[in-house]
Amino acid sequence: MTKSAVQTGFPSSASGAKKSVGAGLVLASLGAIAFSGKAIIVKLAYRYGVDAITLIMLRMLFALPLFALMAWWAGRGKPALTFRDWLGVIGLGFSGYYLASFLDFAGLAYISASFERLILYLNPTLVLLFGWLLYRRRATRPQVLGMIVSYAGVLLVFGHELWLGSGGKGGGAAAWGAFLVFLSAVSYAGYLVYSGEFVKRLGSLRLVGLATTVACVLCILQFVLMRPMSAAMQVAPEVIWLSVLNATLCTAVPVLMVMMAIERIGPAMAAQTGMIGPLSTILMGVVILGEPFTAWIAAGTVLVIAGIFVFTRTGR
C-alpha cells in the first residue's frame, strides 16, 4: 500500500483543488466588491462639482498605463493583430468600455449608487435578449421567470427613486439617470455578445487590455474635444485622488482578480459569487454616502438577486 499524502508530506490533489476553489472564491468576491466601489467613488467625486466628461477622463487617464501594460504582457510571443482584429478591438472597446462607462458615469449623477448597481446587474438578461434578436436563441421557462422577477425588483426600486426624486431633483431626473444606466448595461451586453470570437482568437486578458486601452484613449479624446484643457487643472485635489483610486482599486485590480478567479473556479461560479456586488454597493452607499435603506430597496434587491440566480442557474 502506498503512503498517504499526509505521510509523505505532499498535499493531495483533493486538498490542492480545495485551495484553488477557496482562492478563486476569495478573488471573485473581492473583485465584485472592488467593482462595486466604482459607483461610490463617482458619487463622492460629484460632490466636488466635477462633470461626467472630466471625471471619466481622469479615471481613464490614470488607468491607461495599467491597461496598456496588461495588453503588452498578455500579447508577449503572440502573433500580431490583423486589420480585422484591430477593427474588432476598437469596436469592442468603444461599446464595452467607453460608451458603457460614460453612460454609467452620466447616469450616476441622477440616481443612487445602489439603484445603479441593480440596473447593471440585469446584464445577463440583456445578453439573452441580444441572443434571441440576433441568433434566435430561445429562452427557457425558468430563464423567463428569472427575468420577470429581476425586472420586477428593478421597477420596485425605480418607483422608490421616483418617489424620492419628487421631493428633490424631480422624478424626471431619476428616470433620465435610470435610462442612461440601462443604456450602459445594453452597451456592455453588446460587448459580451460580440466578444466571444475575439476571446478565442486573442485570449481574454489580451482582449480586455487592448479594448480598455482603446476606451481610455477615446475618453481622453472626448475631453480634449469638449472641454478646455484648463478644466482638468481646476478640479479639486480630492477628485484627483478619487480618480486614482477608481482607476486602480475599482478598475484595473478587479479585472485581474476576476480573470484569476475564472481560471480557478470557472465563469459560472465566478458569476454566482459576483452576486455579492449589489449587496456591497448598498452597504457602502448607506455607510459612506448616507443613502437611505428602506424596505422598498431591500425587497427590490432580493427580487433582482433571486431572479438573476434563477436565470444563471438554469442558463448553463
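Student: Which residues of helix α12 are buried?

Tutor: A residue is called buried when its relative accessible area is under 20%, exposed when it is over 50%, and partly exposed in between, using a 1.4 Å probe and protein chains only. In α12, the buried residues are Gly277, Pro278, Ser280, Thr281, Ile282, Met284, Gly285 and Leu289. Helices here are DSSP runs of H or I with at least four residues, strands are runs of E with at least two, and both are numbered from the N terminus. The model is predicted, with local features requiring pLDDT of at least 70 and side-chain atom pairs pLDDT 80 or more, whereas totals for chains, interfaces and linings use all residues. Residues are numbered from 1 along each chain as its sequence is written, and side-chain values use heavy atoms, without hydrogens or water.

Student: How does one judge the length of α12, and what follows the helix?

Tutor: The expected span is 1.5 Å times one less than the number of residues. Just after α12, Gly290 has a positive phi of about 75°.

Student: What does the overall inventory of the protein look like?

Tutor: The protein has 13 helices and 0 strands. Of its 316 residues, 48% count as buried. Among contacts between residues at least 6 apart in sequence, 89% join residues at least 24 apart.

Student: Where are α3 and α4 kinked?

Tutor: The bend at a residue is the angle between axes fitted to the seven residues ending there and the seven starting there. In α3, a kink of about 40° lies at Ala63, shortly before the proline Pro65. In α4, a kink of about 35° is centred on Phe94. As for length, the 23 residues of α3 should span 33 Å, with which the 31 Å between its end C-alpha atoms agrees. Helix α4 (residues 83-107) has 25 residues and reaches 34 Å from first to last C-alpha, close to the expected 36 Å.

Student: How many residues make up the largest nonpolar core, and which have the most contacts inside it?

Tutor: A nonpolar core is a set of buried Ala, Val, Leu, Ile, Met, Phe, Trp, Tyr and Cys residues joined through side-chain atoms within 4.5 Å. The largest one has 55 residues, and Tyr46 and Leu55 have the most contacts inside it. Helices that each supply at least two residues of this core include α2 (13-46), α3 (52-74), α8 (171-202) and α11 (237-273). The largest share, 11 residues, comes from α3. Leu55 touches Val42, Ala45, Tyr46, Val50, Phe105, Val239 and Ser243, with residues up to four places away in sequence not counted. A second, separate core of 18 residues includes Leu118, Leu122, Ala185 and Val304.

Student: How many cavities of 30 Å³ or more are there, and what lines the largest?

Tutor: A cavity is a set of points on a 1 Å grid over the protein atoms alone where a 1.4 Å probe fits but cannot get out, and lining residues have an atom within 4 Å of a point. Grid points are joined across faces, edges and corners, and the volume is the space filled by probe spheres set on them. The structure holds 1 cavity of 30 Å³ or more. The largest cavity contains about 40 Å³ of space. Its lining consists of Ile41, Val42, Ala45, Leu55, Arg59, Phe105, Val239, Leu242, Ser243 and Asn246. The elements giving two or more lining residues are α2, α3 and α11, and α11 gives the most, with 4 residues.

Student: Why are Val181 and Phe182 classed as they are?

Tutor: Both lie in α8. Val181 is classed as buried because its relative accessible area is 0%, whereas Phe182 is partly exposed because its value is 29%. Leaving aside residues up to four places away in sequence, Val181 touches Leu103, Asp104, Gly107, Leu108, Ile111, Glu116, Ile119 and Leu120. The C-alpha atoms of Val181 and Leu108, 73 residues apart along the chain, are separated by 7.5 Å. For Phe182 and Ile119, 63 residues apart along the chain, the C-alpha separation is 6.2 Å.

Key:
Contact = heavy atoms within 4.5 Å. 1 Å grid on protein atoms, 1.4 Å probe; cavity = no way out; pocket = protein on both sides within 12 Å on 5 of 7 lines; lining within 4 Å.
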